Amino acid sequence: MPKFLLILLFVFLFVRFVLPVLLRMLLGRVVRKQMKNFGQQFGTEVPFEQPPTAPGPSTGGVHVDYVPPKQPRKPQGFKGGEYVEFEEVK
């Protein structure tokens with residue numbers, strides 16, 4: 001019985017921690033190979049690669065070009081809407 005539980009524990013730990021890492025590595029390798037094959041068909045080595053962009057200003061701050069003027073949501077003398085009577089239709 002203890003031998004069975006020990007084997008069961010090892011299988012659980014393998015499936016829980018080791019198997020996902022192995023599958024990620026295998027799937028990543030397959031995806032890279034497919035991307036390379038796809039790129040060779042169209043004359044590029046690595047398809048879907050973003051071209052390098054010029055780095056922006058490195059001041060570390062945020063620059064906002066336009067800030068809309070603030071408008072109050074309700075007029076100051078607003079006491080509520082007008083009452084509308086209605087009948088519920090069944």
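Predicted model: local features only at pLDDT ≥ 70, side-chain atom pairs only at ≥ 80, totals over all residues.
Residues are numbered from 1 along each chain as its sequence is written, and side-chain values use heavy atoms, leaving out hydrogens and water.

Of the 90 residues, 2% count as buried, meaning under 20% relative accessible area with a 1.4 Å probe, protein chains only.

Now the fold: we have one helix and zero strands, taken as DSSP runs (H or I, at least four residues, for helices; E, at least two, for strands). Helix 1 covers residues 2-41, and its 40 residues should span 58 Å at 1.5 Å a residue; the end C-alpha atoms are 57 Å apart, which agrees. That expected span is 1.5 Å times one less than the number of residues.

Just after helix 1, glycine 43 takes a positive phi of about 85°.

Back inside helix 1, there's a kink of about 40° at valine 18, shortly before proline 20. The bend is the angle between axes fitted to the seven residues ending there and the seven starting there.

Methods:
Buried < 20%, exposed > 50% of the residue type's maximum accessible area, 1.4 Å probe, protein only.
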